[in-house]
Amino acid sequence: PDGIDAKTVRAAAEKLHDMPQPVFVHCASGGRASAVVLAHNHLYNKSPETFEAWLNIAASNGFIYNPNWQNSLRAEFFP
């Protein structure tokens, strides 16, 4: 779904945390990059606190994840 899965998002977010900051994260649409940054912030800064807040932040930046990807991300980060 969308060329990336939730486990890959987690791995990228964890790798991002280990890199010297600041880091420029990008992809063709911005959707995958936003997922990685939101995952990083959730894992290491405890924000967003809810998956609904995650989706709202993504949507405010123009990214709407398909339902399959939403379910995968929710299960990975908000079990």
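This is a predicted model: local features need pLDDT of at least 70, side-chain atom pairs count only at pLDDT 80 or more; totals for chains, interfaces and linings use all residues.

Residues are numbered from 1 along each chain as its sequence is written, and side-chain values use heavy atoms, with hydrogens and water left out.

**First stop: α1 and α2**

Select residues 6-18, which form helix α1, and residues 31-45, which form helix α2; helices here are DSSP runs (H or I, at least four residues), numbered from the N terminus. Their axes come within 8 Å and cross at roughly 65°, the axes being lines fitted to C-alpha atoms over the stretch in contact, with angles that run from 0 to 180 degrees between N-to-C directions. That makes α1 roughly perpendicular to α2 (65 to 115 degrees). Now show the side chains of Val 9, Arg 10, Ala 12, Ala 13, Glu 14, Leu 16 and His 17 of α1, and of Ala 35, Val 36, Ala 39, His 40, Leu 43 and Tyr 44 of α2, which make the contact (heavy atoms within 4.5 Å).

Cys 27 is partly exposed, with a relative accessible area of 24%, where buried means under 20%, exposed over 50% and partly exposed in between (1.4 Å probe, protein chains only). Leaving aside residues up to four places away in sequence, Cys 27 touches Arg 32 and Ala 33.

Select residues 51-60, helix α3, and colour Phe 51, Trp 54, Leu 55 and Ala 58, which are buried. Seen down the axis of α3, these buried residues fall within an arc of 95°, so they line one face of the helix; the arc is that of the directions from the helix axis to the C-beta atoms. The buried residues pack against α2 and α4 (67-77), whereas Asn 56 and Ser 60, on the other side of α3, are exposed. After α3 comes Gly 62, with a positive phi near 95°.

**Last stop: α1 and α4**

Finally, show α1 together with α4, which pack at an angle of about 55° with their axes 8 Å apart. Here Ala 6, Lys 7, Val 9 and Arg 10 in α1 meet Trp 69, Ser 72, Leu 73, Glu 76 and Phe 77 in α4.

Key. Helices (H or I, at least four residues) and strands (E, at least two) are DSSP runs, numbered from the N terminus. Angles under 35 degrees count as roughly parallel, over 145 as roughly antiparallel, 65 to 115 as roughly perpendicular and the rest as oblique.
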